[in-house]
Amino acid sequence: MSDNRSLWPPGHFDISYEFFPPKTPEMEAQLWESIARLAPLKPKFVSVTYGAGGSTRERTHNIVARLAAETDILPAAHLTCVSAARAEIDEIVRDYWNAGVRHIVALRGDPPTGVGTRFEPHPEGYRSSTELVRGIRAIGDFEISVSTYPEGHPESRTIDDDLDALEAKIDAGATRAITQFFFENDIYFRFLDKARARGITIPIVPGIMPVQNFKQTANFARKAGASVPDWLAHRFEGLDDDPVTRRLIAAAVAAEQVLGLAENGVREFHFYTNNRADLVFAICHLLGVRPVTEKAAA
Ligand code: FAD
């Protein structure tokens, strides 16, 4: 690990957390426990994903609306173009506006047939993430985050395709990009340099995936076009039946990555939490992000 003492005294970091809508009451309880644990770290926002094929439409809305109504956390609702007409999507967006939600993460999404199969827009739907961003912008003055892919989206031929797509989304009204996860920081910095060289100035926030389960993460990475370096596989080798050591290694790996990014000037992080707080809480602690008690806030 490089010399992270230069992070002392700690600077200010903007943190956001991503959750997914749970399927069972037990998982729902875990979600709200995790949110309660992370809330005192005063995240910039908390985002809630939209299930493949729009499968979590109601559940995403309910969690986001509850966050807006019952907490002081700023929620961001993910939304995709999949399997819905424009009028339906616009109605969801207006519902969010009426519920006081002012931040949407706008995505094209993957076809219901799965990642890697060809995306066919709904006959009356938005045909791309750029169109969706434009549609949301026409409805209200939302903050609009979009995705971006430092290693290339599986459907793009070159990184320039991804930067073209990002530029189109910014022209349509996007205000922040969140990256697909990556494990080699050089990949992020190369992408950032290319984006800045093109005159892209919006925040390009690294998406950090703590490896809660190596096999699952590696599988997901393969479909998402993110590379899994050999050294990472080596670190988790032989730990399939040892969840305690696995978690310690996961914390060490994510800490090394995040501190390395921070050392090189990154001040904003988006954590894929997998609805679990502990690992992410520990990493934020290392960055110097501490719970803000009511007393301290006063
Ligand atoms: P887009 O911006 O639409 O496109 C991504 C890239 O694909 C572009 O850079 C472009 O180079 C290439 N591309 C797209 N279309 C074409 C084409 N026709 N020809 C050539 N190249 C093309 N999915 C969900 O279902 N729900 C979620 O909540 C969700 N949240 C996400 C959050 C983040 C931060 C990220 C990174 C991804 C998320 N996804 C989610 C996954 C996303 O929906 C898929 O990766 C999808 O395949 C692309 O949608 P997009 O908006 O990310 O990409």
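1. Start with the shell around the ligand. By class, this shell holds seven nonpolar, eleven polar and five charged residues. Keep in mind throughout that the model is predicted. Of the 23 residues around the ligand, five come nearest: His78, Arg108, His153, Ser156 and Ala165.

2. Which elements supply the shell? β3 (75-80), β4 (103-107) and α5 (159-172) each supply at least two of its residues. The most comes from α5, which gives three residues to the shell around the ligand.

3. Now look along α5. This helix has 14 residues. From its first C-alpha to its last, α5 reaches 20 Å, close to the 20 Å expected at 1.5 Å a residue.

4. Which residues of α5 are buried? They are Asp162, Ala165, Leu166, Lys169, Ile170 and Ala172. These residues cover an arc of only 160 degrees around the axis, so they sit on the same side of α5. Asp160 and Asp171 lie on the other side of α5, and they are exposed.

5. Take β1 (residues 14-19). Five of its six residues are buried, so β1 is largely enclosed by the rest of the structure. Five bridges join β1 to β9 (residues 268-272), and the two strands run parallel. In this pairing, Asp14 stands opposite Glu268 in β9.

6. β1 also pairs with β2 (residues 45-48). Four bridges join the two strands, which run parallel. Here Tyr17 stands opposite Val46 in β2. How does the chain get from β1 to β2? The chain crosses through helix α1 (residues 25-38), and this β-α-β crossover is right-handed.

7. Go back to Glu268. This residue lies in strand β9. Now compare sequence and space. Glu268 and Asp14 are 254 residues apart in sequence, yet 4.6 Å apart in space, C-alpha to C-alpha. The bridges between β1 and β9 join these two parts of the chain.

8. On one pairing, β4 and β5 run in the parallel sense over four bridges. Val105 stands opposite Ser145 in β5. The chain then crosses from β5 through α5 to β6, and this β-α-β crossover is right-handed. Here α5 returns: the helix that links β5 to β6 is the one that gives the most to the shell around the ligand.

9. β5 has another pairing, with β6. Strand β5 (residues 143-148) and strand β6 (residues 176-179) pair in the parallel sense over four bridges. In this pairing, Val146 stands opposite Ala177 in β6.

10. Last, check two backbone angles. Most residues other than glycine have a negative phi. Lys42 has a positive phi of about 50 degrees, although it is not a glycine. Where is Lys42? It lies in the loop between α1 and β2. With 15 C-beta neighbours inside 10 Å, Lys42 counts as partly exposed.

11. Asn275 also has a positive phi, of about 65 degrees, and Asn275 is not a glycine. Asn275 is found in the loop between β9 and α10 (278-287). Is Asn275 buried or exposed? With 20 C-beta neighbours inside 10 Å, Asn275 counts as buried.

Terms used. Residues are numbered from 1 along each chain as its sequence is written. This is a predicted model: local features need pLDDT of at least 70, side-chain atom pairs count only at pLDDT 80 or more; totals for chains, interfaces and linings use all residues. A residue is buried if 20 or more other C-beta atoms lie within 10 Å of its own, exposed if 12 or fewer, and partly exposed in between; C-beta atoms are placed from the backbone. Two strands pair if DSSP finds at least two bridges between them. A crossover is right-handed if, with the strands pointing away from the viewer, the path from the first strand over the helix to the second runs clockwise. A residue is near a molecule or strand if its C-beta atom, placed from the backbone, lies within 6 Å of it. Ala, Val, Leu, Ile, Met, Phe, Trp, Tyr, Cys and Pro count as nonpolar, Asp, Glu, Lys and Arg as charged, and the others, Gly among them, as polar. The expected span of a helix is 1.5 Å times one less than its number of residues. The arc is that of the directions from the helix axis to the C-beta atoms.
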